[in-house]
Amino acid sequence: MYCEFYGFRESPFTITPNPRFLFLSDHHREALAHLLYAVENRVGFVELTGEVGTGKTTVLRTFLNRLDGRGHRTALIFNPCLSSLELLKSVNREFGLSCDSESRVDLLQVLNEFLLEQKRAGHSVVLVMDEAQNLSPEVLEQIRLISNLETETDKLIQIVLSGQPELLTVLAREELRQLNQRITVRYHLLPMDFENTRRYIDHRMELAGCHRAAEFSVAAMKRIFRFSGGVPRLVNVVCDRALLIGFTQESRIISGSMAVQAVSEVAGRAPYGITARLLRRVLGRVPRWLN
């Protein structure tokens with residue numbers, strides 16, 4: 001709705017992941033470095049945690065893209081509602097292997113032969129489990145058994161467990177201590193600081209806009225940072241609302257007061273604050289003969 005007014009080619013603050021808008025803050029770069037180090041050194045298990053909306057999926061997608069075409073075979077599993085048998089079938093399916101058997105032994109045998117073949121070809125195999133905090137202990141134990149596929153000198157598969165902080169509590173269970181002890185590389189992704197938040201906002205608008213694009217004042221950015229805590233998803237939601245408010249006020253400069261109003265509306269404290277003015281602006285753009 002506001003893209004034409006500001007000169008954006010597309011909305012800069014959608015919450016749907018878009019690789020074109022990739023921005024790696026200092027923390028995201030550190031997380032990515034940990035993942036790449038783990039694969040390079042074949043450590044076996046890696047743990048990536050972070051609060052909701054901090055950008056774990058962004059890091060994982062960047063990580064997998066970096067591995068593509070560099071002698072790696074990768075698979076991403078993001079369905080936490082799996083049984084141990086369904087997990088094995090999903091893993092084999094992602095690697096293009098046979099997954100019709102109802103026997104865990106048969107499925108593991110097919111996977112093991114694939115891993116040995118990749119080892120002989122000089123390839124690394126990486127399995128990423130997203131939303132791992134929702135996996136049952138039974139499935140996590142099956143993942144540990146997959147990691148047992150190894151030679152005398154090397155791990156045949158590198159496994160990344162990614163999830164919300166609750167994953168730490170899950171792995172601390174007594175029955176999962178063998179798995180927890182095998183995790184040698186861990187990283188907890190923190191939200192962005194103010195400087196990275198400011199760069200993040202500018203970065204997304206630069207990619208989406210042109211010389212007529214909007215500008216967030218320093219006061220607006222500070223207010224957005226205080227509300228969002230540097231969590232990218234919250235930054236997107238508030239910035240999108242602030243741009244909509246700027247559109248209704250015909251201002252390409254997003255002021256501190258606009259940011260305060262946007263925060264109030266996003267937080268549910270003023271859910272109908274812009275409706276009347278927005279309606280007038282939209283109706284004002286309709287040809288008279290339609291009125």
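Lysine 119 forms a salt bridge (a side-chain nitrogen of Lys or Arg within 4 Å of a carboxyl oxygen of Asp or Glu) with aspartate 154, the closest N and O atoms being 2.6 Å apart. Lysine 119 lies in helix H5 and aspartate 154 in the loop between H6 and strand E4 (158–163), so the pair ties together parts that are 35 residues apart in sequence. Helices (H or I, at least four residues) and strands (E, at least two) are DSSP runs, numbered from the N terminus. The structure is a predicted model, in which local features need pLDDT of at least 70 and side-chain atom pairs count only at pLDDT 80 or more, while totals for chains, interfaces and linings use all residues. Residues are numbered from 1 along each chain as its sequence is written, and side-chain values use heavy atoms, with hydrogens and water left out.

Lysine 119, at 30% relative accessibility, is partly exposed, and aspartate 154, at 22%, is likewise partly exposed; buried means under 20% relative accessible area, exposed over 50%, and partly exposed in between (1.4 Å probe, protein chains only).

The structure holds 11 salt bridges. Among them, glutamate 47 pairs with arginine 186, with the closest N and O atoms 2.9 Å apart. This pair links strand E1 (residues 45–50), which holds glutamate 47, to strand E5 (residues 183–189), which holds arginine 186, across 139 residues. Glutamate 47 is buried at 3% relative accessibility, whereas arginine 186 is partly exposed, with a relative accessible area of 37%. Glu195, Arg198 and Asp202 are linked in a network of salt bridges.

Helix H5 (residues 104–120) also packs against helix H4 (residues 84–94), the two axes coming within 10 Å and crossing at roughly 25°. Axes are lines fitted to C-alpha atoms, for helices over the stretch in contact, and angles run from 0 to 180 degrees between N-to-C directions. H4 and H5 are therefore roughly parallel to each other; angles under 35 degrees count as roughly parallel, over 145 as roughly antiparallel, 65 to 115 as roughly perpendicular and the rest as oblique. Contact (heavy atoms within 4.5 Å) joins Ser84, Leu85, Leu88, Lys89, Val91 and Asn92 in H4 to Arg104, Leu107, Leu108, Val110 and Leu111 in H5.

The axes of H5 and helix H6 (residues 137–147) come within 11 Å and cross at roughly 40°, and the two helices are therefore oblique to each other. Arg104, Leu108 and Leu111 of H5 make this contact with Glu138, Gln142 and Ile146 of H6.
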